[in-house]
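Here are my notes on this one, for when you have the model open. Have a look at the sheet before you read on.

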Amino acid sequence: MIVVWLIVDEAHIATIAVHPDFRRRGIARELMVTAIRECITHGAVSATLEVRQHNLGAITLYRQLGFEAVGRRPRYYQDTHEDAIIMTVADLTGFQNL
Ligand SMILES: CC(C)(COP(=O)(O)OP(=O)(O)OC[C@H]1O[C@@H](n2cnc3c(N)ncnc32)[C@H](O)[C@@H]1OP(=O)(O)O)[C@@H](O)C(=O)NCCC(=O)NCCS
């Protein structure tokens with residue numbers, strides 16, 4: 001599942017998760033590409049998300065899709081007090097080619 005908010009011209013990926021039995025099959029990548037393309041058709045020009053600093057699997061996925069780390073929210077997550085890394089694609093033009 002994926003939840004994406006379209007806020008004016010920015011697609012904000014609020015959450016994404018794939019059942020553990022079905023991971024590493026490209027499902028999250030497909031969800032991201034499909035949802036962001038849909039946002040583009042409704043006016044999105046950039047995309048952003050927050051990810052736990054130790055969630056290396058998710059960070060790898062996001063980097064492959066062109067997201068770059070642009071900031072950090074210290075101790076953002078209440079359960080583990082991990083930092084959130086803010087990742088952004090400033091220009092979604094390339095998403096049409098993925
Ligand atoms: C992160 C998550 C959504 C990825 O879902 P997925 O369907 O397994 O991801 P994909 O199969 O599309 O992965 C695409 C690529 O991302 C990278 N990747 C994904 N999960 C990875 C992991 N655990 N470790 C390293 N790389 C990973 C790989 O490069 C992968 O390509 P490959 O399998 O050919 O090597 C899934 O692990 C999940 O639901 N995790 C728990 C919830 C979560 O952390 N959500 C993100 C919150 S910001």
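1. First, the terms. Two strands count as paired if DSSP finds at least two bridges between them. Helices (H or I, at least four residues) and strands (E, at least two) are DSSP runs, numbered from the N terminus. Keep in mind that this is a predicted model: local features need pLDDT of at least 70, side-chain atom pairs count only at pLDDT 80 or more, and totals for chains, interfaces and linings use all residues. Residues are numbered from 1 along each chain as its sequence is written.

2. On to the sheet: 5 strands make an open sheet with mixed pairing, in the order β1-β2-β3-β5-β4. β1 (2–7) and β4 sit at the edges with a single partner strand each, so one side of each has no neighbour in the sheet. From one strand to the next, the twist averages 25° (axes are lines fitted to C-alpha atoms, for helices over the stretch in contact, and angles run from 0 to 180 degrees between N-to-C directions).

3. Now β5 (residues 84–89). It pairs antiparallel with β3 (residues 46–52) over 6 bridges, and leucine 49 has methionine 87 of β5 as its bridge partner. β4 (residues 68–73) also runs antiparallel to β5, joined by 5 bridges, with arginine 73 opposite alanine 84.

4. At the other end, β1 and β2 (residues 10–16) are antiparallel over 6 bridges; isoleucine 2 is partnered with isoleucine 16 in β2.

5. Last, the helices. α1 (residues 27–41) lies across β1, β2 and β3, at about 25° to β1. α2 (residues 56–64) packs on the sheet and touches β3 and β5, its direction making about 165° with that of β3. Contact here puts the C-beta atoms of two residues, placed from the backbone, within 7 Å.
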